[in-house]
Amino acid sequence: MAISAIMQMQFVYILVASLILLTVSNILSVFSRRHKIAFFGTIAFLFISLTATALLYASNASFYFFSIFHTNAFSEFFFMFFAIAIIMVETLSYKYSHELPAFSLLLSLVTFGVFLVTFAYSLIAILVGLETVALASTFMIIMNGKRFVEPAVKLFILSAISIAIFTFALALLLPYDPQLTLSLPGTSQAGSYLLGLSLILFAGALSLDAAAFPFNLWVPDVYEGSPSNVTALLASVNKKVSFIAILEVFIIIFAAYRSSFGTPLFSLVFFFLSIFTMFFGNLVALVQKNLKRLFAYSSISQAGYIFIGIAVASTAGIQASIFYIVSHMFMIIGAFAIVLWLESKSIRNIDECTGLASKNSFAAISLTILMLSMAGIPPLVGFIGKFLLFSSAVYANDAVLAFIGIINSFISIYYYAKVINQMYTRRQGKKMQMDKNIAIVVIVCLIFVIAVGIYPQILISAASSAASALGAV
Amino acid sequence: MTILLSLIAVPILFLALMLLTKRRSGSLATISTFISLVIVVYLLIFSIINKSASINESYSYISSLGIGFDLSLNSISLVLLLMSSIILFVTALSGNIKKEMERTASILLVLFQIGATGLFLSGNLFLFFIFWDIGVIAPFFMINILGSANRRNASYKFIIYEIFASALLLFGIILIYIFAPGHSLSIAGLSSSLSQMPMYVQQLTFILLFLAFMINMPIFPLHSWLPDAHTEASTQGSMVLSGILTKFGGFGMLIIFTSFTIAHNYSFYIAVLSVVSAFYAALLIMRQHDIKRIVAYTTIIEMSIIMFAITAMNTLGLYGALFAMLAHGLVVALMFLAAGSIEHAFSERSIDVLKGIAADAKLTSYVFLVGILAITGVPLTTGFIADVAMFLGAIGAYGAYAVIPLFSLVLLGGFMYYVVNKSIFSTKERTQSSAFIGSSQKIGYAILLASIFIFGIIPSIILNIINI
Amino acid sequence: MNPLIILLPILLGGILSLASQKYSRFIALAGSVLSSIVIIFVLLGSSFSFASAYTAALPTYSLNWFSLSTLSVSLYLSTMSINELLLILVGIISPLIFWYSIGYMDVPSENSRYYFELSVFAASMLLFAMSADFITMFIAWEGLGITSYLLIGFWYNKREPPYAARKAITTIIIGDILMLSGILIIWTSFHTFVFSTLINSQATQSTNFAIALLLILFASFTKSAQFPFHEWLSDAMEGPTPVSAFLHSSTMVKAGVFLIALLLPLYISAHLLPVILVFGIITAIFGVINAVSSKHIKKILAYSTIEDLGLMFVALGLGAILAALLLFIVQTFYKALMFMNAGSIMKANDEETNIYKIYSFGGNKTLLAAAVIGSLSLAGVFPFSGFLGKAAIDTSASSNIMVYLILVALDFLTAFYIFRWLFVPMKQQKSNPRDSRIGTNFAYAKKSMIVPQLILSVIVIGVSLFAFYMNSISQYITTTDLIIESAVSIAGVAVALFVFYIPKRALFSERSAARNFLSKGLFVNAAYYYIARFVQLVAHAIDIFDYELNRFFYSGARGTTDLGNAIRKTESGSVNLYLTAFAVGLIFIILILVL
């Protein structure tokens with residue numbers, strides 16, 4: 001498809017305009033307090049931005065715009081999936097949020113933040129984007145009432161620290177690149193302690209956001225404390241955005257900052273982070289009784305898997321991480337969608353799930369499939385992702401990482417099976433009806449999980465072109 | 001030709017159909033398995049006429065990883081496919097004796113059909129793994145949802161062991177994938193790609209795959225999932241678990257022992273282990289009281305003997321093991337069907353309580369007896385051909401002492417007949433409900449018995465394919 | 001003619017008898033008779049010569065069964081020499097048994113099952129008689145074992161038969177596996193299953209070969225009830241009496257003897273004859289002692305069978321195949337006759353089996369005559385055919401004085417216990433008034449049960465007459481041995497007469513101390529029990545081990561969970577902790593990079 005650069009630029013305009021309109025329409029709906037307008041407006045504008053990105057992606061666009069952004073396969077790819085995720089969160093929140101217009105407004109801010117991070121060509125944009133996403137979600141939590149102040153404050157403090165450290169780390173980069181663009185610093189780097197310190201601080205700041213061990217202690221509290229639709233957002237969008245930031249910062253800026261063995265130093269950091277995060281998440285998930293906490297820990301361990309690809313720091317590894325980030329986004333949204341619905345039926349703990357299969361078989365089967373996918377059972381998407389991750393690790397002579405990953409996915413089956421066990425315990429109870437909006441979200445996630453699991457080629461090639469667009473190591 | 005693909009596509013289509021419609025899922029499962037059986041029988045006849053059992057089909061799958069959707073049929077997979085198709089058909093037709101939760105049971109059975117068919121047809125290890133796990137997950141639910149009283153612990157144990165096995169398998173497959181020239185996972189080309197790998201990788205991979213298959217088969221000391229799982233599963237679950245699932249491991253063993261040249265270094269130790277395993281299980285069976293558990297233990301004994309024959313690594317041993325898998329699959333499905341029928345009729349599984357079954361359930365009693373005959377390798381049943389070929393292979397490899405594991409059959413047979421004389425052909429003590437046997441179950445018995453005797457009396461049907 | 005046709009009528013009869021309870025007995029009898037007629041047609045024209053009976057015949061018929069790489073299995077059948085001999089014996093006995101069964105089986109609801117199992121047995125026996133290679137033989141062998149098991153446990157709703165069947169099948173399985181092991185080892189050494197090829201191939205001396213031959217020998221011991229596997233046979237008497245007469249005295253139990261006789265050249269070349277001899281003697285002694293002490297009307301006969309089989313093995317151990325075969329032939333007839341007789345007596349006595357409680361014959365002269373002819377033959381009194389076998393064995397042992405003396409002593413005791421069997425119930429009849437329940441049914445003694453006995457009586461006498469007519473006895477029996485044998489037997493009969501019949505009070509009562517000691521079966525059953533206990537103990541130990549193994553794996557899982565719990569405790573949800581963790585994490589990253 002030969003599309004001229006001018007047309008491609010028009011797509012960018014459409015994208016930006018739709019984002020602005022999204023915000024504006026939501027501001028209007030906040031004043032008019034019309035839920036439906038807020039809902040359909042949000043969905044519609046998100047779809048427009050999604051379409052615009054898709055067109056950009058289809059036209060192989062890769063150029064700079066507005067001096068701090070650039071568009072390439074990587075950014076378009078991720079923005080599309082984030083848009084889908086945000087649409088799903090919005091769909092979930094319909095009926096489940098007291099203040100849907102306000103929620104939608106905050107969601108549009110999140111979208112904006114996501115836009116900033118994914119399309120960033122400047123570290124400043126990443127900083128602002130992360131901040132926007134974090135702040136918006138803090139407000140999303142707190143607006144639900146007094147009960148939610150504590151998790152909101154926790155989230156706020158943590159993101160404030162993260163951003164402060166991030167800023168400091170960024171400042172340390174100034175000597176190398178005054179523009180703070182997202183590119184390889186020009187001057188020679190080896191042995192530069194300033195750069196090393198910057199790397200450490202970046203790793204700390206972003207690991208805090210991405211919830212790597214030992215920076216992850218806040219995750220379960222905040223996830224459990226927040227309303228589930230926000231949790232879905234936190235687990236899918238917030239966390240994954242920080243992965244995008246990690247990819248951009250480390251793969252691009254610190255790619256050449258290598259140890260005396262020739263491996264990038266950041267890969268060493270993520271090697272250990274990955275191992276600890278996997279073990280921590282899985283082991284603690286084993287003893288959880290609360291469904292939401294279980295998924296919180298499970299998503300911590302999943303972050304560990306994603307780190308494998310980053311630690312490997314090869315094209316295959318990055319590609320695998322990208323694949324897994326997207327897959328996990330769908331798995332966790334689906335899971336939290338069901339958790340949200342269960343909460344509305346006041347089912348919070350694992351042992352309250354007893355007999356779910358007889359009360360609502362769709363929910364039970366979907367949750368089962370999603371959990372099996374998280375555990376890496378073929379032919380579901382989680383397995384393909386893990387296969388890519390582990391094989392990239394073995395290929396890069398990091399077989400230890402692959403082995404630990406495999407051991408961990410073995411451990412994880414234990415707690416997933418616990419939930420499954422409960423759900424299929426025979427117990428008569430009255431049927432529970434699932435709301436349409438939740439069912440739609442769950443179905444979309446299921447289709448993704450199964451279809452991509454069975455035929456993963458499309459997503460793999462997309463992930464691979466995204467990885468190469470990122471400028472692989 | 002897309003005949004192999006159609007074998008996998010049929011159950012997938014039926015699975016979709018069953019998920020969409022609410023009624024008649026039992027018949028749909030039967031039709032699905034029947035179509036597969038017809039196709040497999042066609043393939044069998046086709047192979048005998050053409051004197052070639054080799055069909056390869058390849059479809060594009062994950063091209064960027066160099067992994068294709070390769071399906072391949074050879075004599076080994078055809079035999080196992082035949083076995084699994086017969087068992088699946090009978091299971092679908094007559095396994096659900098209680099007629100409860102029919103829809104769930106049928107859906108899971110067809111899911112398992114996908115796994116089993118795909119596994120035996122897979123042309124590369126990636127597909128092998130995918131279908132392996134499908135084949136593990138479906139029985140998990142057969143235990144967990146449809147099982148009897150202690151099903152939760154049993155299913156837990158089952159899934160932990162099996163997923164551990166598949167974790168090892170996955171690691172092994174990844175190692176092969178990375179180190180094989182051209183990232184080839186092809187099963188047919190496994191030995192040639194292995195020969196170009198470093199020795200430590202070969203050793204590590206062999207150990208990983210061996211452990212994975214060993215858990216699945218299962219061999220002592222990693223066997224303890226099996227008795228619980230088989231006992232607590234639904235009748236259908238037990239039939240496919242023992243009949244087909246344990247053959248996954250056997251199939252894998254056949255693959256690794258024909259592909260790894262370094263298997264020679266380990267074969268003797270593995271042989272000793274499998275002999276220990278056979279006697280271990282044969283002694284343990286004597287302490288059992290649950291009739292399904294007893295049948296479950298026979299699986300460990302038989303699979304240990306099969307493992308023993310595989311370690312001989314000669315033609316007779318390997319093909320004898322293959323024939324033994326066919327034999328054992330059919331027999332154990334028959335015995336679990338009979339055991340399920342007994343459980344259904346008398347609401348009791350303990351041999352201490354059951355007395356004089358023959359008086360009420362004559363047909364089932366004799367079917368059980370014939371099952372014992374076939375397990376102990378009486379001529380004219382499939383077991384005999386299997387025993388002769390396996391042990392001739394083993395004696396060829398290890399000398400006259402290789403007959404020692406045969407004597408585990410003395411313990412097994414002795415105990416099985418003890419059960420028969422204690423519970424089946426014995427004095428009836430209390431009045432029990434008369435055991436009505438539905439016609440579908442009679443057909444099930446008939447099909448399995450016919451297969452046992454046909455392949456036992458005219459083994460050339462199978463051996464002609466193997467001899468090609 | 002394809003010899004497999006012989007099996008057709010009897011198998012067909014068996015299967016068809018499943019179809020109708022009412023007519024099953026006639027269908028089965030017809031099948032059996034037809035099979036015997038077919039045997040005559042098949043054997044027509046072949047000249048049978050006893051002198052060459054023992055040579056392994058070249059197979060007359062073969063059928064490809066299956067092949068797998070180097071293994072190619074065909075079924076070989078032969079209707080020559082020794083095979084012909086057994087075929088004729090089975091062909092004669094089988095219709096008589098079916099005929100006798102018509103009278104004996106009076107539970108119509110079980111007829112189909114009975115005749116089916118009996119027909120399958122007869123077919124297996126015929127196949128065994130024709131087999132000329134190990135695989136065919138093994139098929140028949142297993143058929144014999146299973147039908148024997150089923151028939152012993154035929155009355156499974158009674159208390160005892162299931163136990164007896166269990167004991168039998170355990171022995172049978174041991175035998176099957178021993179046999180299969182032996183066969184397989186032999187194939188690996190010689191790549192053939194065919195008897196004649198094996199015998200003619202000048203077998204090489206190798207350990208494997210000796211092991212295989214020993215395995216086959218012990219397998220034969222299980223089927224032919226030799227020490228230490230002999231006890232199942234006495235328990236097998238729980239089966240219907242025609243079954244005892246057919247399987248457990250005249251045909252099946254001799255399968256082992258037959259096989260060893262056939263393979264004897266191999267045993268000679270492997271120097272294994274002493275093993276056969278020793279076990280034969282031990283068994284014969286055990287059999288006699290048990291027969292003397294037992295009070296069960298059928299078990300005495302069963303122990304006598306054990307003794308006869310032991311004697312046959314003694315003959316084989318001495319290398320005298322023809323002597324063994326002589327006893328083989330005559331024993332078939334007199335033992336079948338004795339069992340039929342015992343069956344009739346038991347029927348008349350309401351299934352009572354204790355010889356001290358039953359009345360014999362009840363004035364039925366035909367039964368009495370048959371019993372006397374049978375007993376005299378069994379005792380080995382000239383000219384009743386039993387002496388043929390016994391004297392021939394004595395003759396073959398004449399070079400070995402120890403064995404000879406033992407044999408003579410056994411002959412004496414044999415005559416003694418069999419006349420005890422005859423006299424004790426007769427004495428009962430004489431001294432006690434008629435009981436209301438027992439011994440009343442002689443009036444109803446059925447013709448179908450009597451006529452086969454008469455036919456067998458005629459054969460028992462006829463065989464010896466035939467032997468004299470052929471004038472070939474002197475080849476096998478010296479006159480001295482004939483005289484010694486008969487004299488010893490008559491002495492035994494006389495002692496029995498003076499001990500059990502003439503005195504007013506029996507010298508050895510039902511409950512004498514000596515009898516009690518001997519009736520323990522010389523502790524063979526106790527030994528079985530302790531072996532079984534031992535296996536159970538091992539199984540118990542393994543069970544405990546398995547439980548611990550399970551726990552070990554379980555505690556592994558438990559440990560993982562505990563670890564999770566321990567880590568979880570570090571979480572308190574306070575922001576301070578988060579910050580500490582953050583600081584720790586940063587230090588951690590620094591450490592990674594610095595190191």
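## A helix pair in chain C

In this predicted model, α1(C) passes α4(C) in a left-handed crossing, that is, the near helix is turned anticlockwise from the far one by less than a right angle. The contact (C-beta atoms, placed from the backbone, within 7 Å) is made by residues of α1(C) that include C:L7, C:I10 and C:L11, and by residues of α4(C) that include C:Y115, C:F116 and C:L126.

The axes of α1 (residues 7-17) and α4 (residues 111-130) of chain C come within 8 Å and cross at roughly 165 degrees; axes are lines fitted to C-alpha atoms over the stretch in contact, with angles from 0 to 180 degrees between N-to-C directions. The two helices, α1(C) and α4(C), are therefore roughly antiparallel to each other, a term used for angles over 145 degrees.

## Basis of the model

Residues are numbered from 1 along each chain as its sequence is written, while chains are lettered from A and ligands numbered from 1 in the order in which they are written. Because the model is predicted, local features need pLDDT of at least 70 and side-chain atom pairs count only at pLDDT 80 or more, whereas totals for chains, interfaces and linings use all residues.

## Chain B as a whole

Chain B contains 19 helices and two strands, which are DSSP runs numbered from the N terminus (helices H or I, at least four residues; strands E, at least two). Its radius of gyration, taken over C-alpha atoms, is 21 Å, close to the 23 Å that the globule rule gives for 468 residues, so chain B is as compact as a globular protein of that length; the rule is 2.2 Å times the number of residues to the power 0.38.

Of the 468 residues in chain B, 68% are buried, meaning that 20 or more other C-beta atoms lie within 10 Å of their own.

On one side, 41 residues of chain C are in contact with 47 residues of chain B. Here α6(C) gives the most to the side of chain C, with 14 residues, and by class that side has 24 nonpolar, 12 polar and five charged residues.

Chain A has 25 residues in contact with 26 residues of chain B. The largest share of this side of chain A, 11 residues, comes from α16(A), and its residues divide into 19 nonpolar, six polar and no charged.

How values were computed. Angles under 35 degrees count as roughly parallel, over 145 as roughly antiparallel, 65 to 115 as roughly perpendicular and the rest as oblique. Two residues are in contact if their C-beta atoms, placed from the backbone, lie within 7 Å. Ala, Val, Leu, Ile, Met, Phe, Trp, Tyr, Cys and Pro count as nonpolar, Asp, Glu, Lys and Arg as charged, and the others, Gly among them, as polar. A residue is buried if 20 or more other C-beta atoms lie within 10 Å of its own, exposed if 12 or fewer, and partly exposed in between; C-beta atoms are placed from the backbone.
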